[in-house]
Amino acid sequence: MGKQGAYPAKLQALRKAKGIDAQVINAGVPFDTSAGMLKRIDSDVPSGTDIVILQPGANDRRFLGTKEQRAANIATIERRLQNRSIKVIVYDEEIPLRYYTFDFIHLTGEGHAMIAATLLPRIMATINRRP
């Protein structure tokens, strides 16, 4: 599918169609867990970032992490970003199986489009709340 087919690129196109020219950067790492995200959050989110979409995914469950540790990691990531005055949108919904490829790990193009369409109103609302 490549980067252009992933939801960050689709989201950037949707935002541009709304007249918002903002850069969307995908800092996702394959097989990463919430613990890995927590370790690299400060280095992966540069100064001047306005909004972060945090999608912790399901790797914690795949690699035997606990629900409690995952929740604690997500809360810590949110707090660290908010302490830097960065707005955080957490996308942690259950994604219907029809949006996955045959391996039930990777999303189809339709799945990426669904996530982008779901995130757009949340981003627009966050932008409208900015001072």
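**Close-up 1. Asp32 in the loop between helix 2 (7-17) and helix 3 (34-44).** Helices (H or I, at least four residues) and strands (E, at least two) are DSSP runs, numbered from the N terminus. This is a predicted model: local features need pLDDT of at least 70, side-chain atom pairs count only at pLDDT 80 or more, and totals for chains, interfaces and linings use all residues. Residues are numbered from 1 along each chain as its sequence is written, and side-chain values use heavy atoms, with hydrogens and water left out. Asp32 has a relative accessible area of 14%, so this residue is buried. Buried means under 20% relative accessible area, exposed over 50%, and partly exposed in between (1.4 Å probe, protein chains only). Leaving aside residues up to four places away in sequence, Asp32 touches Met37, Arg40 and Asn59. Contact here means heavy atoms within 4.5 Å.

**Close-up 2. The salt-bridge network of Asp32, Arg40 and Asp44.** Salt bridges link these three residues. A salt bridge is a side-chain nitrogen of Lys or Arg within 4 Å of a carboxyl oxygen of Asp or Glu. By this rule the count is eight salt bridges. The side chains of Asp32 and Arg40 also make a polar contact at 2.7 Å. That term covers a pair of N or O atoms within 3.5 Å; within protein, one must be able to donate a hydrogen and the other to accept it, and residues adjacent in sequence count only if both atoms are side-chain atoms.

**Close-up 3. The salt bridge between Arg70 and Asp60.** The N to O distance is 4.0 Å. Arg70 sits in helix 5 (residues 67-83), and Asp60 in helix 4 (residues 59-62). The pair links distant parts of the chain, 10 residues apart. Both Arg70 and Asp60 are buried.

**Close-up 4. The salt bridge between Glu94 and Arg61.** The side chains meet at 3.3 Å, N to O. Glu94 is in the loop between strand 2 (87-90) and helix 6 (109-129), and Arg61 is in helix 4, so the pair ties together parts 33 residues apart in sequence. Glu94 is exposed, at 65% relative accessibility. Arg61 is partly exposed, at 46%.

**Close-up 5. The salt bridge between Arg122 and Glu93.** The closest N and O atoms are 3.1 Å apart. Arg122 belongs to helix 6 and Glu93 to the loop between strand 2 and helix 6, so this pair ties together parts 29 residues apart in sequence. Arg122 is partly exposed, with a relative accessible area of 28%. Glu93, at 35% relative accessibility, also counts as partly exposed.
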